[in-house]
Amino acid sequence: MTQGLTDRRSEREKLDRLVQAVQGGQSRALVVRGDPGVGKTALLDYLAERAQGCRVARAAGVQTEMELAFAGLHQLCAPMLDHAKDLPVPQLEALRTVFGLAAGSPPDRFLVGLAVLSLLSDVAGERPLICLIDDEQWLDQASAQALGFAARRLAADPVGLVFAAREPDRELAGLPELEVEGLQESDARALLDSALAGPLDDRVRDLIVAETQGNPLALLELPRGLTPAELAGGFGLPSAAPLSERIAESFRRKRCPCRPGG
């Protein structure tokens, strides 16, 4: 199982069905949504591992590139441009222009969306294609618009488009969703115990599981801010910073513009 992925049986089953559909020649689109640290990136990793026989393309939204039109689309599609020569000329010219490979006025967004759809379909003609887009909430609007356009128009081609987002924007409206929530209590406890090298007081365990609401990243990161005395006896907790603040600080340390945030 993918490292860091605990339980998630129902989510894994849904992703397995998506892979099987694409492997069988069908198209699928899905939005995996959930809070920061809940495990969306781990689920995308799981999906990539399961996509045997498929070409897997990945991209991730980057906060610092949100103002750069088509930056996310370039990240996903640039490795596929060897297939672009077979596109209709207007679509080929649109892609070449938005990727800076040819001079010209900004093309019509509808034409760009058609070009992306045609490119994905052409690539999938060789073998099934699964595209994984992490941190969709940080994609530039032009890329999100083009990818949402393509996702809603996938037809008989073996293409899967899977987005992970905290709160999907309107460009993904109407697409099927998989909501990812915190782990069940038993799985949260198991994950917490796996991250600890020393003893953990039952009261502290109960408090951490309750405060984190089963968020995997919080469960793994939060104990690192507690002293052995706090973990083993719990008597230090009342004078420590509130757990909610510790969780927030863990996210601040974890967050990096060059790395998906789960």
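**Helices 7 and 8**

I looked up how helix 7 passes helix 8 and found a right-handed crossing. A crossing counts as right-handed if the near helix is turned clockwise from the far one by less than a right angle, and as left-handed if anticlockwise. The model is predicted, so I noted its limits: local features need pLDDT of at least 70, side-chain atom pairs count only at pLDDT 80 or more, and totals for chains, interfaces and linings use all residues. Residues are numbered from 1 along each chain as its sequence is written, and side-chain values use heavy atoms, with hydrogens and water left out.

Helices (H or I, at least four residues) and strands (E, at least two) are DSSP runs, numbered from the N terminus. Axes are lines fitted to C-alpha atoms, for helices over the stretch in contact, and angles run from 0 to 180 degrees between N-to-C directions.

I then listed the contact (heavy atoms within 4.5 Å). Glu-185, Ala-188, Arg-189, Leu-192 and Asp-193 of helix 7 meet Arg-205, Asp-206, Ile-208 and Val-209 of helix 8. By class I get four nonpolar, no polar and five charged residues. Ala, Val, Leu, Ile, Met, Phe, Trp, Tyr, Cys and Pro count as nonpolar, Asp, Glu, Lys and Arg as charged, and the others, Gly among them, as polar.

**Helices 4 and 5**

Helix 4 (residues 89-98) packs on helix 5 at about 105 degrees, with the axes 8 Å apart. That makes helix 4 roughly perpendicular to helix 5; the cut-offs are under 35 degrees for roughly parallel, over 145 for roughly antiparallel, 65 to 115 for roughly perpendicular, and oblique for the rest. The contact has 10 nonpolar, two polar and no charged residues. Among them are Leu-95 of helix 4 and Leu-119 of helix 5.

**Helices 1 and 2**

The axes of helix 1 and helix 2 (residues 40-50) come within 10 Å and cross at roughly 40 degrees. That makes helix 1 oblique to helix 2. I noted a right-handed crossing here. The contact includes Leu-15 and Leu-18 of helix 1 and Leu-43 and Tyr-46 of helix 2. Its residues divide into six nonpolar, one polar and four charged.

I traced an open sheet of five strands in the order 2-3-4-1-5, with parallel pairing. Two strands pair if DSSP finds at least two bridges between them. The edge strands are strand 2 (55-60) and strand 5 (177-179), each pairing on one side only. Strand 3 (residues 129-134) pairs with strand 4 (residues 159-165) over five bridges. Which residue in strand 4 is the bridge partner of Leu-132? I found Val-162.

**An aromatic pair**

I counted one aromatic pair. Rings of Phe, Tyr and Trp (its six-membered ring) pair if their centres lie within 6.5 Å; planes under 30 degrees apart count as stacked, over 60 as edge-to-face and the rest as tilted. The centres of the Phe-110 and Phe-149 rings are 5.4 Å apart and the planes are at 85 degrees, so the pair is edge-to-face. Phe-110 is in helix 5 (residues 109-124) and Phe-149 in helix 6 (residues 141-151), 39 residues apart.
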